[in-house]
Amino acid sequence: SRAMKQRFSSLLVVGVVVAVYLLGGFAPLERGLTSLRFRLLAQEATGQVVVVGIDSQSLRTLNTWPWPREYHGQLVDRLVAAGAHRIALDIDFSSTSNAHSDARFAEALARAGGHVIMATFKQPVRDENGAQIFMQTAPIPALARHTRLGHVNVQVEADSLVWRYSNFENLGEFRLPGMATLMAGQEQRASRIF
């Protein structure tokens with residue numbers, strides 16, 4: 001009878017711990033430890049990463065949006081000439097532009113020799129019954145064939161921060177690496193960065 005009470009007590013403790021975990025009760029502790037780990041393991045920037053963004057000055061200078069695809073091709077050519085080893089384009093290229101512009105961009109991507117990573121992402125849509133489903137969006141084949149594809153989906157937590165990032169996204173039998181995973185050269189790593 002005493003052994004039975006001990007087993008019941010042990011099962012009760014395990015059940016309470018599991019319930020607290022499943023209800024997110026340990027999340028503040030886990031996030032605090034994760035923040036501490038990042039502070040303790042912080043590294044100085046290498047100076048080898050350059051972020052090229054589309055800003056208000058470039059929009060005013062080029063005076064059109066969306067930009068013709070050859071503008072992106074010219075940028076890729078310039079970055080390759082400057083010695084870029086990886087170029088990530090986090091822009092939606094899932095629809096055609098015009099044949100000439102798409103072709104010029106595709107030529108620049110081909111010249112880049114596999115150094116370009118293009119974004120894919122999942123977005124919610126409604127099916128014919130009104131139910132929400134997720135659709136995978138990717139660059140048009142003429143562009144995608146010259147690049148690596150990386151997903152850019154992130155899950156924001158209740159505190160509006162991103163605490164987890166999936167290195168890979170499963171699409172049926174296909175595993176698509178994350179853009180950040182590819183940029184870091186970590187596509188051979190485990191399923192999570194942090």
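The paragraphs below go through a predicted model of one protein chain, from its overall form to single residues.

Residues are numbered from 1 along each chain as its sequence is written, and side-chain values use heavy atoms, with hydrogens and water left out. Because the model is predicted, local features need a pLDDT of at least 70 and side-chain atom pairs count only at pLDDT 80 or more, while totals for chains, interfaces and linings use all residues.

The pLDDT is the predictor's confidence in each residue, on a scale from 0 to 100. Its mean over the protein chain is 85, and 96% of the residues reach 70 or more. Residues 190-194 have a pLDDT below 50; this stretch has 18 contacts in the model beyond near neighbours in sequence. A contact here means heavy atoms within 4.5 Å.

The protein chain contains 7 helices and 6 strands. Both are DSSP runs numbered from the N terminus: helices are H or I with at least four residues, strands are E with at least two. In sequence order the pattern is α-α-α-α-β-α-β-β-α-β-β-β-α. The radius of gyration of the protein chain is 23 Å, well over the 16 Å that the globule rule gives for 194 residues, so the chain is more spread out than a compact globule. That radius is taken over C-alpha atoms, and the rule is 2.2 Å times the number of residues to the power 0.38. Along the principal axes, the C-alpha atoms fill a box of roughly 85 × 50 × 30 Å.

Next come the surface and the interior. Of the 194 residues, 23% count as buried. Buried means under 20% relative accessible area, exposed means over 50%, and partly exposed lies in between (1.4 Å probe, protein chains only).

The loop between α3 (56-62) and α4 (69-81) holds P66. A cis peptide bond, with omega about 0 degrees, joins W65 to P66. N63 lies in the loop between α3 and α4, and has a positive phi of about 55 degrees although it is not a glycine. Is N63 buried or exposed? With a relative accessibility of 65%, N63 is exposed.

W67 is also found in the loop between α3 and α4, but it counts as buried, at 12% relative accessibility. Leaving out residues up to four places away in sequence, W67 touches I54, S58, L59, L62 and H72. W67 and S97 are 30 residues apart along the chain, with their C-alpha atoms separated by 9.8 Å.

A positive phi also occurs at S160, a residue other than glycine, where the angle is near 70 degrees. S160 sits in the loop between β4 (148-151) and β5 (168-171), and is exposed, with a relative accessible area of 60%.

Strand β6 (residues 174-177) includes L176, which is buried at 4% relative accessibility. Which residues are in contact with L176, leaving aside neighbours within four places in sequence? They are T120, Q136, L149, H151, N167, F168, E169 and L171. L176 and G150 are 26 residues apart in sequence, and their C-alpha atoms are 6.3 Å apart in space.
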